[in-house]
Amino acid sequence: MAMTPSTWDRETYPLWHGTLPTSAILEQSGTKDFWVKGEGSWLIDASGNRALDARAGVGNMMLGYGRNDVVEAMCRQAHELPYVCMVRWELAAPVVVELAQALTAIAPAGLSRVRFCHTGGAAVENAILMARSYHRNQGRRDKRLIVGLRDSYHGSPMAAMAASGQRIMHWLFGPMPDGFCHLPEPTDESGAELAAQLDALGPERIAAMILEPVKGRNGQPLPAAYLRAAREYCTENDILLIFDEAFTGFGRMGEMFAADISGVSPDVMCLAKGITAGYAALGAVLATDRIYQAFDTSSTVFAHASTTDGHPVACAAALAAIRAYTSEDLVANGRALGRLLCDRLDDLLGKAPTFGGVRAVGAYVAIDLVEDDGSPLSMQDRRHLETACRRQGLLVHYTPDTVVLMPPLTMTTQEAEFAAQRFASVVADLRPAVRH
């Protein structure tokens, strides 16, 4: 039976929501608040109210809503062949191979092999297991340590969580598995400090280093010199360099992949989110031929897979999305949107007491909001801001570091202007609303 206001019952509501208490969500929401339709950059709720989705789902709806080309590709594949098992000996559906070819054609240099999974976290978990198994296959059984950065985020599966440098996750869900270490974020942009840090850990113990080329929580690129230093050290010491681009891939940061900003190619790259433009769940791990060859024997297979890896319908969505990214010049459009939003917000908010600055990396626009003493706005106040923006017909994102606009790459300049105007008006009224 469809849920209506008269049948709405918080005591029997069956769905357990994500990271906030469901009861807290239901205290503020009812059936009228369900999103029921998407059109372009807009979401429409059950009451007919429209909101501009300036957070692109959670950064994944890169083409917006209602893309007939993506939906039709999925429908065709579902009619023709909705599933083929790839876990053991069966061949993949042709669309899966076609997608792998499309990915390697646009990937950073050297990434010529593709494994599919279903989320970004699963992609990171795959990459970690791949790195350790790769060294074991080469007779280097002591190389098991995975090195990441503090405050990084790589997903919610256990190995991905352990690779993440967020202590709150380790405290909530620990104990974490052994074999993970986190370095401080770079303070020396030249990367000179990195070699000493890795030397202290013992390169003979390190299987891989995992990095986000641009940090998803604040949109700050890692210095190009630091990434080059990481690449050089890993090459010299038989360490695999993993780039987690589950969030940053497919044009979000102004290039097809964030690796392209620095020109540094990793040994392994993890993808998700934008790979299907949010139309299906899919992740991918791209690797070099050298890594692939280490597993392509009867005794060294990579014995790790899931039932829905390389799901044909999801791969059809991804193939349609990649065609759109490359044929419609959407990465460049995303850069233009980011510059427009950054410039307009700087103009509109320049004198606001809560405004600490704005910066854009591609189509990721980070707005720093501050208290009277200059400290970052609290998470509670950011939640108030998000709620107030929704009331004004605008959806925004926030992290522990900043407030973010990350529009679909297909958003129009008129819609970006609407987002800037509405966001600025909410910020102008924020302090009285929060304090009282």
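Helices (H or I, at least four residues) and strands (E, at least two) are DSSP runs, numbered from the N terminus, and a helix axis is a line fitted to C-alpha atoms over the stretch in contact, with angles running from 0 to 180 degrees between N-to-C directions. This is a predicted model, in which local features need pLDDT of at least 70 and side-chain atom pairs count only at pLDDT 80 or more, while totals for chains, interfaces and linings use all residues. Residues are numbered from 1 along each chain as its sequence is written, and side-chain values use heavy atoms, leaving out hydrogens and water.

The axes of helix H14 (residues 379-391) and helix H15 (residues 413-428) come within 10 Å and cross at roughly 130 degrees. H14 and H15 are therefore oblique to each other, a word for angles that are not under 35 degrees (roughly parallel), over 145 (roughly antiparallel) or 65 to 115 (roughly perpendicular). Their contact (heavy atoms within 4.5 Å) is made by Leu385, Ala388 and Cys389 of H14 together with Phe423, Val426 and Val427 of H15.

| Arginine | Ring | Distance to ring centre |
|---|---|---|
| Arg113 | Tyr292 | 3.8 Å |
| Arg132 | Phe180 | 4.9 Å |

Turning to the backbone, a cis peptide bond with omega of about 5 degrees joins Gly174 and Pro175, and Pro175 is placed in the loop between helix H7 (167-173) and strand S6 (180-183). Ala56, which lies in helix H2 (residues 56-59), has a positive phi of about 50 degrees although it is not a glycine.

Notes. Lys NZ or Arg CZ within 6 Å of the ring centre and 35° of its normal.
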